[in-house]
Amino acid sequence: MNTSLEVEVCILGAGPVGATLAAALAAGGVRAAVVDAAPLPPMEIPDFDGRAYAIALTSKRLLDAAGVWDRLPEAPCPILGIRVADGRPGEPASPLSLHFDHAEVGEDPFGWMVEARGLRVALNARLPLLPELSVFAPATATVARGPDGALVRLSTGQEIRARLVVGAEGRNSVLRREAGIPAARLDYHCMGIVGAVAHEKPHHNIALEQFLPHGPFAQLPMNGIAGHPHVSAIVWTERTAIARRCLALDDAAYARQLQARLGDHLGRVSPIGRRWSYPLSAMHVARYTAERMALVGDAAHGIHPIAGQGLNLGFRDVAALAELVVEAVNAGEDPGSATVLARYQAARRPDGLLMLGATHVLERLFSSSLPPVRIARRLGIAAVDRMPRLKRFFAARAMGLGGATGLLAGQPMARGAGAD
């Protein structure tokens, strides 16, 4: 016999964005359900695999409010400084670089490096403790939306009636496609290579963003692991053909390619964990909402990793939507109404477009190898380094600050944020 559940919000997708939204809503007292086609990963910490997230200050505040941050299995590694430089593989970075120090903005770090496996463990530990939340995984869903709500039928035979359904299933969102929402796409004809390296010298919690001809190469400080006291994450953008050749190299040859791009400031480097790769493209939807439906995270947008803000942009979606839904439910209003959805779109679509445009312009500017452009951008980097107010502005944006309210500003959610 089919069983039926009534909730305010049903979320499709239990990745970092969808699961955080589920936790934030339930922590705010909103009855919610989250559905994922895959089983949630096991609670045991798997082997180190090199994947990590750069969590901005405002995203940390969201995870705090949702009761997730304190459940990370290991203390995350703070990013206390950022060095930005222009260069070429095998050449020393330009001496005309830009240095950001977190102390120039405040006491908080720019962000924290959190292992992907650690965030998953924290989310899995948090979700079962929320009495207002129901988790269905593994389960697939079909959704029927109407003026009064949404009916979600699960492959397990259960039905969920919700006033709002949220697509958090990633760039290939089925919910978005079925709603007929178009998405504009841009292929960068590049690949992103993600992994980790061990190095001889300590990183002193300093991140490096090196702009190379085919895209940025970022080194992000991480905590050491057994046998490797000094570890950093690597995010490397490269032309697709070159990236595929590099991924096929043995460890020694691959390390030489990394060293040529990273330089010698950390001493000798060696790859650890797995190598991950993905094609790079930008994507943005025509609208974030439809009848009784909202999109969050990669279901709504995808940006170039040049600024490392992809997941943080999704967390800003989560904070805005959770705040609006909790506010509506507390006021006895319909959280899936056209009014609430219009407020969500107005709050998030401009930010998504701004980040898309900014990362695209940066990618075009810093990938140009024309000598006049290279000279101009190096002089520009050096000029910004001598402008304290402008540096503070850029530093604040890196932390996700600048007009943050509600969850992003660290304000507790109504009805007992973070309570078990």
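This is a predicted model: local features need pLDDT of at least 70, side-chain atom pairs count only at pLDDT 80 or more; totals for chains, interfaces and linings use all residues.

Residues are numbered from 1 along each chain as its sequence is written, and side-chain values use heavy atoms, with hydrogens and water left out. Helices (H or I, at least four residues) and strands (E, at least two) are DSSP runs, numbered from the N terminus.

**Helix α7 and its partners**

- Helix α1 (residues 16-27) and α7 have axes that come within 9 Å and cross at roughly 25 degrees; axes are lines fitted to C-alpha atoms, for helices over the stretch in contact, and angles run from 0 to 180 degrees between N-to-C directions.
- That makes α1 and α7 roughly parallel to each other (angles under 35 degrees count as roughly parallel, over 145 as roughly antiparallel, 65 to 115 as roughly perpendicular and the rest as oblique).
- The crossing of α1 and α7 is right-handed; a crossing gets that label if the near helix is turned clockwise from the far one by less than a right angle, and is left-handed if anticlockwise.
- On the α1 side, Pro16, Val17, Thr20, Leu21, Ala24 and Leu25 are in contact (heavy atoms within 4.5 Å) with α7 residues including Leu311, Phe315, Val318 and Val326.
- Sorted by class, the contact of α1 with α7 has 12 nonpolar, 2 polar and no charged residues (Ala, Val, Leu, Ile, Met, Phe, Trp, Tyr, Cys and Pro count as nonpolar, Asp, Glu, Lys and Arg as charged, and the others, Gly among them, as polar).
- Helix α2 (residues 57-65) packs on α7 (residues 310-330) at an angle of about 45 degrees, with the axes 9 Å apart, so α2 and α7 are oblique to each other.
- The crossing of α2 and α7 is left-handed.
- Ser59, Leu62 and Leu63 of α2 meet Asn312, Phe315, Val318 and Ala319 of α7, a contact with 5 nonpolar, 2 polar and no charged residues.

**Helix α1 against α3**

- The axes of α1 and α3 come within 10 Å and cross at roughly 35 degrees, and this crossing is left-handed.
- Pro16, Ala19, Thr20, Ala23 and Ala27 of α1 touch Leu119, Arg120, Leu123 and Arg126 of α3.
- Charged residues do turn up here: the contact of α1 with α3 has 6 nonpolar, 1 polar and 2 charged.

**The cavity**

- How many cavities of 30 Å³ or more does the structure hold? There is 1, where a cavity is a set of points, on a 1 Å grid over the protein atoms alone, at which a 1.4 Å probe fits but cannot get out.
- The largest cavity holds about 150 Å³ of space, a volume being the space filled by probe spheres set on the points, with grid points joined across faces, edges and corners.
- Its lining has 14 residues (each with an atom within 4 Å of a point), and Glu74, Ala75, Val114, Glu115 and Asn223 lie nearest the centre.
- β7 (111-115) gives the largest share of that lining, 3 residues, and α3 (116-126) supplies at least two.
- By class, the lining has 9 nonpolar, 2 polar and 3 charged residues.

**Backbone details**

- Most residues other than glycine have a negative phi, and most peptide bonds are trans.
- The peptide bond from Ala137 to Pro138 is cis, with omega near 10 degrees, and Pro138 is in the loop between β8 (133-136) and β9 (141-146).
- Asn205 has a positive phi, near 60 degrees, in the loop between β12 (183-199) and β13 (206-212).
- Arg292 has a positive phi of about 60 degrees and lies in the loop between β17 (289-290) and β18 (293-295).

Notes. On a 1 Å grid over the protein atoms alone, a cavity is a set of points where a 1.4 Å probe fits but cannot get out, and a pocket is an open set with protein on both sides within 12 Å along at least five of seven lines; lining residues have an atom within 4 Å of a point.
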